[in-house]
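Good morning, and thank you for coming. I would ask everyone to look at the screen while I go through a few features in turn.

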Amino acid sequence: MVLDQMPHDHLKAGSAAPPELLAPAGSPEALAAAVAAGADAVYLAGRRFGARHYAANFSDDELRSAVDYAHLRGVRVYVTVNTLVSDAELPDVVRYLLWLYETGADAVLVQDTGVAALAREVLPDLPLHASTQMTIHNREGVARAAREGFSRVVPARELTLPEIEDIAEVPGIGIEVFAHGALCYCYSGQCLLSSVIGGRSGNRGMCAQPCRKPYRLMTAEKDEYGRPRDLRAMPAEGQYLLSTRDLAVYPSLDRIARAPVASLKIEGRMRSAEYVATVVAIYRRALDAIAAGEVWSPSEEDMRDLALAFNRKFTEGYILGASNIMARDRPGNRGILLGTVTGYDPGRREATVRLTGEVVPRSGDGLAFCMEDPERDVGAVVRGTPAVRRGTVRVGVPAPVGRGTEVFLTKSADLEERATKIAEHLEPLPIDVTVTWDDGTPCFEGVLPGRGGEPLRVLYRADLQMEPARSRPLAPEEIAEQFTRTGGTPFVIRRLDLRYPGGLFTPLSALNRVRRTFLEKVEEAVAAAHRPGPDAVRAARERAEAAISGLVRTGGVANRLPSVSVYTDTLEGVEAAVRGGARTVYFEPAGPVVPALLEEAAALCRAGGADAVWKWPSITRRAFLDAAAPLLPSLYDAGVHGVMVSGLGAADAVREAEPRMRLFGAAGLNVWNHCTTRVLAPLFLRCTASPELPAGDLARLAELTGDAPGLEVLVQGNIEAMVTEDRLAAVSGDRFLGLQDRRNHVFPLRCDSESRVYIANAVETCLIDHLPRIIGMGIDAVAIDARGRGPRYAGEMARLYLAGIESVGRGDPGMLDVLKDEVKQRALGGITGGHFVRGLAG
């Protein structure tokens, strides 16, 4: 007997596979919504080492269940392990990665270079995805990731589609791009603003989103130390100068879908299940239509629903070359415009709103009455569906609102109901079942259709022996009825091939029990099919134990006094730094690259017995690399024997263009642990430790790193906190520009040679009184950031730190308090010991 319960699924002839649709799952409810809405894969985090610390996330038990739940429905699971990790945490990371491997995670997203190296060593079969927090933004960076064992890269959101198409040509690695959701103001992985303001590091998943706060753009003349005199406000287009719009490539999704990208990613692990269901369902329908070759165009209804789900105004983003990236007028959800206030009744506390479109508020909707000052916006919930009279409605408002006030629908009860239906409607999984009998025992063979792979076959011999019937044997239809009941399970029997010999009997309850057991076996088989086998697990555990054992070995501390390095952006600064005693000068000219300037800097350094190092911008996209790399051979011959970079892609570009050139690693490399320095050692002569490291972690890093590469510590200057493509203001070296927050702290701005804007901490780091401890760590060099501060600052700070090092070397640290007072007199915004002293939150 063969019973067909439902048609077989198939793709339309000639249809092309669309890119993977990757959905956020910040909670179990959001996971279920993503799966029901049609996601091909989800990304989520456990309670450790994930870059969304404040999402609900998953306990270990929940995560294991989530992986099985998704796999049962043909959905891949990528787990984020994308925070920076200290040496003390490395053993726990290894154990966690091993547990994820055993659980059956399809891939892990990683930020930390050292963690990636450990994962490759211990778990070579666990796919690695390079998080956008790795700030990969050029073809060389993608090629490096491929060589380091990554199967996918999530490049910087700032890249354009032509740049994406260029880097996608790197063989052996897939490209994942963001398609929808929040944008960061700063290049991901390079943002320290939340960290320096309040100790909540974005690199540790704890960003406090200071970019969504109000700021004023300030300007002033500079004094002899580069500090502002007589600050005054400059005109700006809004108060929320760092607040970005939300990304939505939906209107041009066909362009993105045809690009050589492996995956389209929806941002939103902090969002609700209803948000996830709405957004995923809209992108799913659109991608399927495009893949099927239909003539697709964006739907106004879909755009409205995307806006109602959440938006801060939409932009097609850097990827599609949009110019409208920023939303500086207000930082919160806009919803959609409902209408304008035409009157207010203070007795009834009701506003009359003239509707601007066809949308009518209903009971349960959320409204925002937007004032001139966003902090005075008034929110309201509609109680009872109001009647429309002559194009107006009356709604309750908890505070007075004036005529002309715009009213936005920010929460739609109708959309939430539709989203809930999407999230709750999970299509059952079709399974083809053949049942044969062996000496009265039912033997099941189940076949689940593969999703992009081979079908899964499950065999089960029941622990039941049916007896020859004494009077009335069971009919095939009776057995089929029991075996096709799948209520309460994720399955539906699509086709039942019942090869019943006839003449047998058993209680129907026994058949039900056998069916339930069989379907449980199918679930177990699906889970097991995505997990490594016992031999692979045993070998991985042995490698993990060996790796953890190796992490505790020490590299030893060299007994030496560090040299002084200075960052500067002018030739006058180079000369002053050398006179002050700097042994290394990182020269980053603020204007276009002019070889003669670099050659002159090299001559000044050579005359003073110092090394000249060309400091490249933190971000080195194609145009810069194509212009800068060919200059390296002649610059090396002219005395520029070093280049400082912030990324491994840039390092490879330098090495390719001029193998003799020595490489120095900037803070943008995010060096947090010795596994990272072990990866960097073959390339770099010296690397800068992350300025986020507390003293204890820095000491451990130095001990385990030893001499290769040398370690440098930023000890003085306003720490670089952000780098952005937003041309916030035209920054020149002659005038001071900064951002002033509500507490009157002023964050200095500067531009690099690519006109990219950098925002520095409002308070200046000063570690001169901590030199004894730094020297005791065996640090190779201490660095002073004098960019934008003028030659006097560069020279005098070099002299003060050299005096401090020499005093410690003489055993006379008492001078340090005097030197600290000298530093205070030259500082911008006061001084702080920063994370070296206070550590990080959490």
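I begin with the second largest cavity, which holds about 290 Å³ of space. A cavity here is a set of points on a 1 Å grid, laid over the protein atoms alone, where a 1.4 Å probe fits but cannot get out, and lining residues have an atom within 4 Å of a point. Its volume is the space filled by probe spheres set on the points, with grid points joined across faces, edges and corners.

Before going further, please note that this is a predicted model, in which local features need pLDDT of at least 70 and side-chain atom pairs count only at pLDDT 80 or more, while totals for chains, interfaces and linings use all residues. Residues are numbered from 1 along each chain as its sequence is written, and side-chain values use heavy atoms, with hydrogens and water left out.

The second largest cavity is lined by 23 residues, and those nearest its centre are Ser618, Ala667, Gly668, Leu714 and Glu720. Two strands, S32 (710-717) and S33 (720-724), each give two or more residues to this lining. Which of the elements gives the most to the lining? The answer is S33, with 4 residues. Helices (H or I, at least four residues) and strands (E, at least two) are DSSP runs, numbered from the N terminus. By class, the lining has 10 nonpolar, 9 polar and 4 charged residues. Here Ala, Val, Leu, Ile, Met, Phe, Trp, Tyr, Cys and Pro count as nonpolar, Asp, Glu, Lys and Arg as charged, and the others, Gly among them, as polar.

Pro709 sits in the loop between helix H21 (695-705) and S32. The peptide bond that joins Ala708 to Pro709 is cis, with omega near -5 degrees.

In total, the structure holds 8 cavities of 30 Å³ or more.

I turn now to two helices. H9 (residues 273-291) and H11 (residues 413-424) pack at an angle of about 80 degrees, with their axes 8 Å apart. H9 is therefore roughly perpendicular to H11, a label given to angles of 65 to 115 degrees. Axes are lines fitted to C-alpha atoms, for helices over the stretch in contact, and angles run from 0 to 180 degrees between N-to-C directions. On the H9 side, Glu274, Ala277, Thr278 and Ala281 take part in the contact (heavy atoms within 4.5 Å), meeting residues of H11 that include Leu415 and Ala419.

Finally, Arg390 lies in the loop between strands S17 (378-381) and S18 (392-396). Arg390 is not a glycine, yet its phi is positive, at about 50 degrees. Thank you.

Technical notes
Angles under 35 degrees count as roughly parallel, over 145 as roughly antiparallel, 65 to 115 as roughly perpendicular and the rest as oblique. On a 1 Å grid over the protein atoms alone, a cavity is a set of points where a 1.4 Å probe fits but cannot get out, and a pocket is an open set with protein on both sides within 12 Å along at least five of seven lines; lining residues have an atom within 4 Å of a point.
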